[in-house]
Amino acid sequence: MRELTFRVQRYLPGRDGKPYVQEFIVPLREGMTVLDGLIYIKENIDNTLSYRSSCRMGICGSCGMFINRFPRLACHTPVEELGTDTIEVRSLPNFPVIRDLVADLDPLFEKHKSVKPYIVSSEIEEAERPTGELLQSSEELESYAQFSYCVKCGLCLSACPTVATDPLFLGPQSLGQAYRYSADTRDTGAKERFKEADCRHGVWLCHLAGACSEACPKGVDPALAIQLLKRAMLFDILRIGKAKQLAPIAQSPAESKPKIDVPEFTVAQP
Amino acid sequence: MRESHLKILQYATGVGLFFLVGTHLTVSLLIGGEPTSWESVSGRAASAAWLTVYILLLMFGLYHGIHGLRTVILELPIPKPAARVMDGALVVIGIAIFSYAAYIPISAF
């Protein structure tokens with residue numbers, strides 16, 4: 001049976017002065033992912049190995065690791081795709097290490113929170129007690145849908161060379177989400193996000209390396225989002241470009257004219 | 001000024017430099033005559049249009065270059081107070097160089 005060599009970063013604060021590499025021999029099974037290998041190590045060889053995982057299907061973003069010198073989701077990386085029998089696994093670069101393969105993702109979440117990653121509505125009464133749905137065309141949805149696939153795995157910040165030199169740089173994840181919400185026709189908080197992104201460690205530090213888009217496991221293309229954010233910010237300052245049409249509230253069925261003949265309601269309507 | 005405003009000026013001076021340097025090179029090298037001859041230089045020095053071109057070239061080039069240097073330095077993880085001092089120093093250096101360099105063509109006019 002073919003065997004793989006897993007070279008895994010180990011580090012226990014308080015015991016180890018610095019991270020070191022430990023090797024494990026793992027039997028290859030068909031369809032095996034890097035996460036399967038780590039689970040095998042933990043269950044059969046060394047149960048002190050620490051790592052994050054949850055969904056094991058590439059949707060939660062928990063198992064982000066530096067695998068063979070590239071940030072990847074361990075559950076989403078078949079070992080056969082790596083093309084080698086030696087698998088090097090380290091914790092994500094550009095993040096402090098908590099233990100072994102577990103990185104401290106607090107910087108990611110703090111930066112994410114700073115750009116107000118939620119719909120900001122100027123109609124507070126309507127937002128708190130909605131009277132109807134907000135209508136959005138398919139074109140308006142497509143303008144930001146791709147960027148909404150982000151699972152906050154942190155691989156983009158790990159890959160970003162600007163984050164490596166300036167840890168305070170907001171990073172592709174938060175800047176991408178700043179654009180995602182600013183482009184949403186249900187949102188009126190673009191100016192607040194522009195102000196946040198327009199700082200010394202903000203959007204203008206991005207030089208379009210593109211490593212974030214290459215690393216993203218969900219096809220978000222944060223590099224594109226950042227360039228679109230730059231354009232939106234410049235257009236806002238220069239007061240050029242088409243103004244965003246805010247999403248209207250859908251009429252209630254009682255107010256709108258039915259397109260087809262429908263029978264009368266048999267229950268009382270509000 | 002916000003970083004976006006500085007960036008807009010960077011882009012604008014870049015475009016401006018394209019035309020100003022192009023004009024300077026075209027007239028200096030492509031139109032007949034020896035551009036460094038006494039007659040040619042003193043002729044340009046006495047021209048209001050050329051004075052304007054040179055002052056704008058100086059202004060745009062200084063801003064574009066100094067802001068570019070600032071961008072490179074800010075890539076480094078320097079503390080906020082040091083960054084502020086650097087900003088102030090670059091402004092002072094830029095104004096000093098502009099004042100000295102602009103004095104020459106203005107005094108020759």
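Two strands pair if DSSP finds at least two bridges between them, where strands (E, at least two residues) and helices (H or I, at least four residues) are DSSP runs, numbered from the N terminus. The model is predicted, with local features needing pLDDT of at least 70 and side-chain atom pairs counting only at pLDDT 80 or more, while totals for chains, interfaces and linings use all residues. Residues are numbered from 1 along each chain as its sequence is written, and chains are lettered from A in the order in which they are written.

Let us start with strand β3 (residues 64-67) of chain A. β3(A) pairs with β4(A) (residues 71-73) in the antiparallel sense, over three bridges, and F66(A) has P71(A) as its bridge partner. Three residues lie between the strands of this hairpin, where N68(A) takes a positive phi near 50°. β3(A) also pairs in the antiparallel sense with β5(A) (residues 86-90), over two bridges; here I67(A) stands opposite V89(A). G64(A) and F66(A) point one way from β3(A), M65(A) and I67(A) the other, and all are buried (20 or more other C-beta atoms within 10 Å of a residue's own, C-beta atoms being placed from the backbone).

Next comes helix α9 (residues 190-197) of chain A, whose buried residues are A190(A), R193(A), F194(A) and A197(A). These fall within an arc of 105° seen down the axis, so they line one face of the helix (the arc is that of the directions from the helix axis to the C-beta atoms). They pack against α8(A) (171-183) and α11(A) (222-238).

Finally, eleven residues of chain B are in contact with eleven residues of chain A, contact meaning C-beta atoms, placed from the backbone, within 7 Å. On the chain B side, the largest share, five residues, comes from helix α1(B) (residues 3-30).

Conventions. Buried ≥ 20, exposed ≤ 12 C-beta atoms within 10 Å, placed from the backbone. Contact = placed C-beta atoms within 7 Å.
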